[in-house]
Amino acid sequence: MKKISIVLLTLLCFMLVGCNSQNEVDFTVTTTLFTVTQYTSDNPAPPMKEVLEKLALGEENVLDGFTLQDIQTSWGGAHEMPDENTYKWFTKNGSDHVLVFFDENGSVTDIQCRYVFKAEVLSDDGTLLVKPCEGEDELNSADQISVSMKDGAERQTFEAGKIINIEYDGMIAESYPAQISAYDIR
């Protein structure tokens with residue numbers, strides 16, 4: 001809407017200049033193209049929602065220059081992980097989480113989103129086929145999803161009808177059935 005308004009305003013000004021070529025027209029257009037987040041000691045890093053939106057748009061290096069301490073201050077405490085020296089995770093939406101990887105100096109080196117959804121096992125005859133449970137966002141994408149493990153990792157076999165939790169990166173291949181690669185299934 002802002003773009004349309006700016007274009008219309010610009011066209012109107014050109015029309016005025018063209019119609020009144022004898023008169024001088026001076027105008028100024030002011031618009032806000034973006035907002036800048038102010039970082040303080042209470043908020044030293046961008047909010048998690050802003051970081052996730054930028055990652056979803058394909059931006060890289062979203063957290064360059066920020067430390068683990070900055071992120072913990074802005075997002076709240078991190079959960080303990082088995083390899084405490086490599087990454088920490090922060091919960092969003094109760095079950096989904098964000099992994100923040102860092103180096104020995106505490107500088108952020110990578111960030112990954114992990115999404116978790118509940119699904120009913122439809123079949124597991126070498127290929128795990130599931131249906132997302134009612135209320136899960138994944139059900140808006142597909143009523144059946146074929147699940148493989150990332151990097152060919154081993155997984156247990158599940159009986160049809162069992163409700164399981166699937167952790168994945170949020171990417172769903174649009175085929176039928178849809179396809180995802182899971183980090184973990186429990």
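Author: A residue is called buried under 20% relative accessible area, exposed over 50%, and partly exposed in between, with a 1.4 Å probe and protein chains only. The model is predicted, so local features need pLDDT of at least 70 and side-chain atom pairs pLDDT 80 or more, while totals for chains, interfaces and linings use all residues. Residues are numbered from 1 along each chain as its sequence is written, and side-chain values use heavy atoms, without hydrogens and water.

Reader: Why is D124 called buried?

Author: The relative accessible area of D124 is 16%. The limit is under 20%, and therefore D124 counts as buried.

Reader: What makes the pair D124 and R155 a polar contact?

Author: A polar contact is a pair of N or O atoms within 3.5 Å; within protein, one must be able to donate a hydrogen and the other to accept it, and residues adjacent in sequence count only if both atoms are side-chain atoms. The side chains of D124 and R155 make such a contact at 2.8 Å. A polar atom of the D124 side chain also lies 2.8 Å from the backbone nitrogen of F158.

Reader: Which residues does D124 touch?

Author: Contact means heavy atoms within 4.5 Å. Leaving aside residues up to four places away in sequence, D124 touches R155, Q156, T157 and F158.

Reader: Why is S146 called buried?

Author: S146 has a relative accessible area of 18%, and therefore S146 is buried. Its contacts, not counting residues up to four places away in sequence, include T127, L128, P177 and I180.

Reader: In which strands do S146 and D124 lie?

Author: Strands are DSSP runs of E with at least two residues, helices are runs of H or I with at least four, and both are numbered from the N terminus. S146 lies in β5, residues 145-149, and D124 lies in β3, residues 108-124. The protein chain has three helices and seven strands.

Reader: What gives the most to the lining of the largest pocket?

Author: On a 1 Å grid over the protein atoms alone, a pocket is an open set of points where a 1.4 Å probe fits, with protein on both sides within 12 Å along at least five of seven lines; lining residues have an atom within 4 Å of a point. Strand β3 gives the most to this lining, with seven residues. Among the residues closest to the centre of the largest pocket are L55 and D110.
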